[in-house]
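Visitor: I would like to learn how to read a protein structure, one feature at a time. Where do we begin?

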Amino acid sequence: MTEKKRATPKVASDRAAPKAQDAKSAKAKRGAAPDRAEVAPPKKTPPAPTAPKGAEDKPPQQQAPTAEVAAPAKKSERKPAEAPKVPAGPVESRVPARLKVRYRQEILPRLREQFRYRNVMEVPKLEKVVINMRVGDATTDTRFLDKAVEEITLISGQKPVIPRAKKAIAAFKLRRGIPIAAKVTMRGDRMYEFVDKLFNVVLPRIKDFKGISEKQFDGRGNLNIGLREQLIFPEIDYDKVEKVRGMDVTLVTTARSDEEGRELLRLLGLPLRLPETVSPTAPKER
């Protein structure tokens, strides 16, 4: 029998070696960076734009001169601010109301001692004065309203507010939004000046005036006074009055009771009516 020839094993390393070297060289050629000695070709620059026809004949336009912006002045170079001009004549200082000074110096300590208030802010004082004049004739002619506004301006020293009707009433020929009165509210020095004039000048000019009744207080220290005519005020000229009109004057205080409000107004100069005393010997009326 013939001996079988043994197959010699193939050596893979010898054959695979050249293939691996060829693959590495191909990859290096594809992705390898160029050498430092090689220089990239210069990029092509686009041609410069040519001027349109006829533009060469025109003269070149001159640029407008730019205004130079002045630099802000330094603090040391700035001019000092000018002082406000003072009038050459004498400056008139406003004198406070006489009644206001009297309240602070005399009436306030007296009320605090009488009612034994712990704090000065508890002492009652005048808060405001309200004057209201009804003008029913304004529904037919607004000229009467203008006259009433003029008279209240003279009496109080300030322009009044004109209230308007809130709803329509057919019986009084009243429509909604029609002006029906003139009202003014005074505070501060003007209020004290008006009260001083009211107590010392106006009320004594009422015919058969016997004083203000204590029943006219509303229970919270406020006083309501009804005046039948505006002629008792010295500012009103009798010859220029077209119609006699009454008004309501309300003195609003910070008092918590009628007793405190009555004592405050009495010290301010309110002429109160003396209580009527009936003598025991007087005969009784049948």
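**Reading the fold**

Guide: Of the 286 residues in the protein, 27% are buried, where buried means under 20% relative accessible area, exposed means over 50%, and partly exposed lies in between (1.4 Å probe, protein chains only). The model is predicted, so local features need pLDDT of at least 70 and side-chain atom pairs count only at pLDDT 80 or more, while totals for chains, interfaces and linings use all residues. Residues are numbered from 1 along each chain as its sequence is written, and side-chain values use heavy atoms, with hydrogens and water left out.

Visitor: How many helices and strands does the protein have, and what pattern do they follow?

Guide: Helices (H or I, at least four residues) and strands (E, at least two) are DSSP runs, numbered from the N terminus. Here there are five helices and four strands. Along the sequence they are arranged as α-α-β-α-β-α-β-β-α.

Visitor: What is a nonpolar core, and which residues have the most contacts inside the largest one?

Guide: In soluble globular proteins, nonpolar side chains tend to be buried together. A nonpolar core is a set of buried Ala, Val, Leu, Ile, Met, Phe, Trp, Tyr and Cys residues joined through side-chain atoms within 4.5 Å. The largest one here has 49 residues, and F194, F233, V249, L251 and L268 have the most contacts inside it. Elements that each supply at least two residues of this core include helix 2 (98-115), strand 1 (126-134), helix 4 (188-202) and helix 5 (258-268). Helix 4 gives the largest share, seven residues.

Visitor: What is V249 in contact with, beyond its neighbours in sequence?

Guide: Contact means heavy atoms within 4.5 Å. Leaving aside neighbours within four places in sequence, V249 touches V129, V130, I131, F194, L198, L223, N224, I225 and L227.

Visitor: How many aromatic pairs does the structure hold?

Guide: Rings of Phe, Tyr and Trp (its six-membered ring) pair if their centres lie within 6.5 Å; planes under 30 degrees apart count as stacked, over 60 as edge-to-face and the rest as tilted. The structure holds two such pairs. F115 and Y117 have ring centres 5.8 Å apart and planes at 35°, so this pair is tilted. F115 is partly exposed, with a relative accessible area of 22%, whereas Y117 is buried at 7%. The rings of F194 and F233 have centres 6.3 Å apart and planes at 20°, so that pair is stacked. F194 lies in helix 4 and F233 in the loop between strand 3 and strand 4, so the pair ties together parts 39 residues apart in sequence. Both F194 and F233 are buried.

Visitor: Which charged residues lie over the faces of F144 and F217?

Guide: A charge sits over a ring if NZ of Lys or CZ of Arg is within 6 Å of the ring centre and within 35 degrees of the ring normal. R143 lies over the face of F144, at 5.1 Å from the ring centre. R262 is placed over the face of F217, at 5.8 Å from the ring centre.

Visitor: How do strand 3 and strand 4 pair?

Guide: Two strands pair if DSSP finds at least two bridges between them. Strand 3 and strand 4 pair in the antiparallel sense over five bridges. On strand 3, L223, I225 and L227 form a covered face, while N224 and G226 form an uncovered one.

Visitor: Is helix 5 largely enclosed or largely open?

Guide: Eight of the 11 residues of helix 5 are buried, so this helix is largely enclosed by the rest of the structure. Among the buried ones are D258, L264 and L268. The buried residues of helix 5 pack against helix 2, strand 1, helix 4, strand 3 and strand 4. Just after helix 5, G269 has a positive phi of about 120°.

Visitor: Where else is phi positive, in a residue other than glycine?

Guide: Most residues other than glycine have a negative phi, and most peptide bonds are trans. R116 has a phi near 60°; R116 sits in the loop between helix 2 and strand 1 and is exposed, at 74% relative accessibility. D208 has a positive phi of about 55°. The loop between helix 4 and strand 3 holds D208, which is exposed with a relative accessible area of 67%.
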